[in-house]
Amino acid sequence: MIILHQFPPAFDLPNASPFCMKLELYLRMAGLPYRNRYTLELHRAPKGKLPWIDDDGTTVADSGFIIEYLKGKYGDPLDGKLDPLRRAQGLAIMRLFEEHLYWSLLYDRWIAAPGWEMTRPAFFGGLAWPLRAIVPWVARRGIRAELHGHGMGRHTPEQIYALGVADIHALAELLGDQPYFLGEAPTSVDATAAAFLANVLMVPLDSPVKSAAAGHANLSAYCQRMAQRYFPAA
Ligand SMILES: N[C@@H](CCC(=O)N[C@@H](CS)C(=O)NCC(=O)O)C(=O)O
C-alpha cells in the first residue's frame with residue numbers, strides 16, 4: 001500500500017501545499033490506492049520537504065520523482081500515449097507552475113501581510129504556547145530566505161504580483177478551450193495545474209494573482225471540473 005506523507009488539509013482544500021495536492025490528485029487520476037498520513041514532521045521526510053511516499057518499504061521523495069517511480073512500477077495510464085511534442089509541452093507547463101508561479105504564491109501567503117494573517121493561524125494555530133509564537137517566526141524567516149535565494153524575494157511586491165499575473169495569463173492561453181491542458185484527456189500535467197490553480201482560486205485570500213485567474217472563465221471552469229471529477233466530496 002502506498003502511504004502518502006503530506007501536510008494536514010487546510011483552507012478547505014485537500015492540501016494547502018500545491019505539491020502535496022498534486023501528488024494526491026495524481027494518485028486518484030491514475031487509480032492507485034493509497035493512504036494518507038498527515039504530518040508536520042519535516043525532519044522525517046527524506047529530503048526535508050513534503051510530500052514523500054512509503055510504498056511497502058520503498059521511500060521516494062519529491063512529487064516529480066515519485067510520479068516517475070509510480071509510472072515505472074504501476075504503469076502510465078495518463079501519459080503513456082503522449083507524443084514527444086505533447087510531453088515537452090506538458091513539461092514546460094508544469095515548470096511554469098512549479099518553478100515560477102509557485103514563488104509568487106509563496107510570497108503572497110507568507111510575506112505579504114494579508115496572506116500571513118491567513119497562513120499563520122491556519123498552519124500554526126494548533127501549536128501550544130510558546131511554540132505558537134516561535135515556530136511561525138522561524139518558518140517565515142526560512143521562507144523569506146528561500147525567496148531571496150531564488151531571486152523572487154528581491155523584487156518589489158508590485159513586480160512579484162506582475163510576474164504571477166503574467167504566468168496566469170499565459171496559462172489561460174495555453175489551456176484555451178480544451179478540457180485539459182494537453183487536450184481532450186487528462187494527463188499528469190493536470191495534477192500540477194489543478195493543484196496550483198485550486199491553491200490560487202479556492203483559497204480565501206484576495207490578491208492580484210487570484211483576480212487574474214478568476215478573470216479567466218476557462219481556468220475557473222477547469223478548476224471546478226477537476227475538483228468535481230477527482231475530489232467529488234471535497
Ligand atoms: N520539488 C518538490 C517541492 C516540495 C515542496 O516545496 N514542499 C513544500 C511545501 S509546498 C515543503 O515541504 N516545504 C517545507 C520546507 O521547505 O521547509 C516536490 O515536487 O515535491
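Visitor: Is Asp56 buried or exposed?
Guide: Asp56 has a relative accessible area of 59%. Buried means under 20% relative accessible area, exposed over 50%, and partly exposed in between (1.4 Å probe, protein chains only). Asp56 is therefore exposed.

Visitor: From which number are the residues counted along each chain?
Guide: This is a predicted model, in which local features need pLDDT of at least 70, side-chain atom pairs count only at pLDDT 80 or more, and totals for chains, interfaces and linings use all residues. Side-chain values use heavy atoms, with hydrogens and water left out, and residues are numbered along each chain, as its sequence is written, from 1.

Visitor: What is the phi of Asp56?
Guide: Asp56 is found in the loop between strand E3 and strand E4 (58-61). Helices (H or I, at least four residues) and strands (E, at least two) are DSSP runs, numbered from the N terminus. Asp56 is not a glycine, yet its phi is positive, at about 50°.

Visitor: What is the relative accessible area of Asp12?
Guide: Asp12 lies in the loop between E1 and H1. Its phi is near 60°, a positive value in a residue other than glycine. Asp12 is exposed, and its relative accessible area is 80%.

Visitor: Is Asn15 buried or exposed?
Guide: Asn15 is in the loop between strand E1 (2-6) and helix H1 (18-29). Leaving aside residues up to four places away in sequence, Asn15 touches Gln6, Phe7, Pro8, Pro9, Cys20, Met21 and Asn199, where contact means heavy atoms within 4.5 Å. With a relative accessible area of 1%, Asn15 is buried.

Visitor: Which residues does Leu40 touch, not counting residues up to four places away in sequence?
Guide: Leu40 has its place in the loop between strand E2 (34-38) and strand E3 (52-55). Its relative accessible area is 54%, so Leu40 is exposed. Not counting residues up to four places away in sequence, the residues that Leu40 touches are Phe7 and Pro8.

Visitor: Which residue is joined to Leu50 by a cis peptide bond?
Guide: The residue in question is found in the loop between E2 and E3. Omega of the cis bond is about 10°. The residue joined to Leu50 is Pro51.

Visitor: What is omega for the cis peptide bond from Trp129 to Pro130?
Guide: Pro130 is placed in the loop between H4 and H5. The bond that leads from Trp129 to Pro130 is cis, and its omega is near 5°.

Visitor: Which helices do the buried residues of H4 pack against?
Guide: Helix H4 covers residues 113-124. Within H4, Gly115, Trp116, Met118, Thr119 and Phe124 are buried. The buried residues of H4 pack against helix H3 (84-110) and helix H5 (131-150).

Visitor: How many of the 14 residues of H7 are buried?
Guide: The expected span of a helix is 1.5 Å times one less than its number of residues. For H7 this gives 20 Å, which agrees with the 20 Å between its end C-alpha atoms. H7 is largely enclosed by the rest of the structure, because the number of its residues that are buried is 14 of the 14.

Visitor: How do the residues of the contact of H3 with H7 divide into nonpolar, polar and charged?
Guide: H3 and H7 pack at an angle of about 20°, with their axes 10 Å apart; axes are lines fitted to C-alpha atoms, for helices over the stretch in contact, and angles run from 0 to 180 degrees between N-to-C directions. Gly90, Ile93, Met94, Phe97, Glu98, Tyr102, Leu105 and Arg109 in H3 meet Val189, Thr192, Ala193, Phe196, Leu197, Asn199 and Val200 in H7. Ala, Val, Leu, Ile, Met, Phe, Trp, Tyr, Cys and Pro count as nonpolar, Asp, Glu, Lys and Arg as charged, and the others, Gly among them, as polar. The residues of this contact of H3 with H7 divide into ten nonpolar, three polar and two charged.

Visitor: Why are H7 and H9 described as roughly perpendicular to each other?
Guide: Angles under 35 degrees count as roughly parallel, over 145 as roughly antiparallel, 65 to 115 as roughly perpendicular and the rest as oblique. H7 (residues 188-201) and helix H9 (residues 217-230) have axes that come within 9 Å. H7 and H9 are therefore roughly perpendicular, since their axes cross at roughly 110°.
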